[in-house]
Amino acid sequence: MKILVCISNVPDTTSKINFTEGDTKFDTNGVQFVINPNDEFGLTRAMWFKEKQGATIHVATVGGPEVEPTIRKALAIGADEAVRINAEPTDGLFVAQQLSEVIKTGAYDLIIAGRESIDYNGGMVPGMMSAILNFNFINTCIGLEIEGNTATAIREIDGGKEKISTTLPLIIGGQKGLVEESDLRIPNMRGIMTARQKKLNVLEPVEANHGTEDIKFEKPAAKGAVKLVEADNISQLIDLLHNEAKVI
Amino acid sequence: MSVLVYTESDNGKFKKNAFEAASYAHKLAEQLGTSVTAITINAPDSEVIGNYGVSKILKVTNDKLSIFNAKAFATAISQAVENEGASTIVVSSSTDTKYMASILAGALKAGYCTNVVAPPLSTNPLVVKRTAFSNKGFAHTQFKTDINIIGVSSNAYGIFENKVSPKVENFEPDLNDSDFSVQSVNIDKVVGKATIADADIVVSGGRGLKGPENWGMIEELADVLGAATACSKPVSDMGWRSHSEHVGQTGKPVASNLYIAIGISGAIQHLAGVNASKVKVVINTDPEAPFFKAADYGVVGDAFEVVPILIEKLKEFKAQNA
């Protein structure tokens with residue numbers, strides 16, 4: 001089985017978010033970048049398929065040379081080979097078309113992406129790829145087993161879970177649940193050393209149109225101070241929620 | 001030119017997000033000087049959607065679509081788009097609809113903007129405001145395509161009545177086997193209980209509750225309020241509560257009217273997931289807990305003392321206001 005894990009290079013979950021160039025760009029100054037958490041759950045599940053079922057894992061990302069440390073981390077965790085499409089990942093439709101090209105030429109059986117990236121939160125790339133490629137697609141996937149050509153998956157739905165059956169080739173929009181937080185791997189020294197020798201192919205983007213463009217950013221308005229209620233005066237809290245906030 | 005809205009239903013009844021999406025579509029159509037067509041799938045009372053400014057309904061009644069199937073629904077809706085010559089499609093942000101709309105966008109090569117929280121900032125070009133960076137910022141996003149899809153955030157724009165007597169047309173999508181190549185085996189869904197996605201109120205517990213055996217009061221509080229229960233990441237990681245209750249950046253997003261956080265310190269990742277809630281109440285023993293900076297109302301106190309009193313007082317309040 002040949003697996004492609006699609007990776008997004010995103011600000012660490014604890015990052016402070018600021019904007020620059022007249023609020024038109026995300027300010028990367030002092031920001032630590034990581035593998036998008038939803039993608040890392042997928043990569044870790046792919047490692048399970050590699051170790052238990054002899055799969056090969058490639059990773060792909062769309063981005064400039066600055067994303068290479070994040071790709072190297074994926075290689076250090078255990079991916080065999082990487083592709084970087086040398087373009088700015090401006091919007092979902094553009095990224096989906098670029099990755100679809102990699103999938104077409106690479107003849108992958110299983111493509112694992114994250115449900116959404118934690119930076120732009122679009123949540124659309126895996127679904128768009130499935131339509132472009134006419135591949136099966138399961139989103140918000142929290143469990144995945146592959147037997148030959150058949151996939152059995154669990155999908156999170158509002159208020160519960162759905163068990164799903166389908167066939168390869170398959171695209172997954174993954175999230176926590178594919179593996180647990182405690183299954184995530186920190187690359188060891190040997191992994192980091194071998195990652196340096198692994199192939200990282202840089203491809204130029206194909207001709208593709210853009211779906212959207214972010215023309216401006218803003219930060220949420222500053223919040224007023226919290227109103228504190230004394231622990232021995234809980235009736236006041238109910239009064240505030242009813243008469244002031246009008247939420248109960 | 002018309003605006004097409006997909007109005008989601010569940011077991012034949014419209015979901016709240018269908019009325020939100022229709023209200024948004026009506027506002028957009030007004031700005032564009034056009035009308036709104038809704039597509040409904042297996043919703044018998046489809047005329048109800050006319051209360052929200054929809055002037056035409058494409059009514060799909062099809063047994064094959066009785067269980068949600070993202071690909072088949074996307075195929076049906078894309079045929080409706082073609083049928084209407086629609087250039088803008090409005091959808092909700094439910095888990096099912098986000099799944100479906102990403103396929104629809106790929107099939108139509110449409111620009112798709114999710115998490116939209118306000119009416120369009122301009123219509124020519126079409127620019128919308130959406131949340132980004134896990135609720136730590138907003139983006140003004142301009143569409144670059146001929147067909148555009150707007151995904152409206154839950155509980156953000158609101159529901160507005162505009163009574164219209166809609167024209168109802170039966171619509172029969174042309175579906176084939178390949179639309180059903182991803183098959184539902186079974187659905188395990190809580191019934192009769194508020195879900196995190198739909199609830200107006202969410203009651204959430206954190207590590208401060210010390211153990212899963214102490215969740216009785218969280219459930220009781222949720223019960224009194226008709227709220228959904230949720231928990232912080234450490235709580236689900238330790239297995240005190242199911243993962244499906246985990247809210248935060250890597251868990252479920254919350255956009256309720258009221259979010260009550262009990263024994264949750266308010267790590268930045270947690271706040272990112274719940275910040276879209278309109279009113280936040282925090283109950284925590286530690287006055288330095290970061291959540292107090294993000295909350296509207298706070299009680300510095302021991303949850304084991306405060307919550308039982310809160311339950312009792314709420315019961316009295318509910319009895320008086322029933």
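Me: Which residue is the bridge partner of A:Val229 in β18(B)?

Reply: In this predicted model, A:Val229 is bridged to B:Val299 of β18(B). To read such a pair, go from the residues to their strands. Here β15(A) pairs with β18(B), residues 297-300, in the parallel sense over three bridges.

Me: In what order do the six strands of the open sheet lie?

Reply: The order is β15(A)-β18(B)-β17(B)-β16(B)-β14(B)-β15(B), with parallel pairing. The edge strands, each pairing on one side only, are β15 of chain A and β15 (228-231) of chain B. From one strand to the next the twist averages 20 degrees.

Me: What stands opposite B:Thr229 of β15(B)?

Reply: B:Val203 does. Strand β14(B), residues 201-205, and β15(B) form four bridges in the parallel sense.

Me: Which helices should I look at against these strands?

Reply: Take the strands touched, then the angle. Helix α4(B), residues 216-225, packs on the sheet against β14, β15 and β16 (258-262) of chain B, and its direction makes about 175 degrees with that of β14(B). Helix α8(B), residues 303-321, lies across β16, β17 (279-284) and β18 of chain B, at about 130 degrees to β17(B).

Me: How many residues of chain A are in contact with chain B?

Reply: Count each side separately. Contacts join 67 residues of chain A to 73 of chain B. On the chain A side, β11(A) gives the largest share, eight residues. That side divides into 30 nonpolar, 22 polar and 15 charged residues.

Technical notes
Residues are numbered from 1 along each chain as its sequence is written. Chains are lettered from A and ligands numbered from 1 in the order in which they are written. This is a predicted model: local features need pLDDT of at least 70, side-chain atom pairs count only at pLDDT 80 or more; totals for chains, interfaces and linings use all residues. Two residues are in contact if their C-beta atoms, placed from the backbone, lie within 7 Å. Helices (H or I, at least four residues) and strands (E, at least two) are DSSP runs, numbered from the N terminus. Ala, Val, Leu, Ile, Met, Phe, Trp, Tyr, Cys and Pro count as nonpolar, Asp, Glu, Lys and Arg as charged, and the others, Gly among them, as polar. Two strands pair if DSSP finds at least two bridges between them. Axes are lines fitted to C-alpha atoms, for helices over the stretch in contact, and angles run from 0 to 180 degrees between N-to-C directions.
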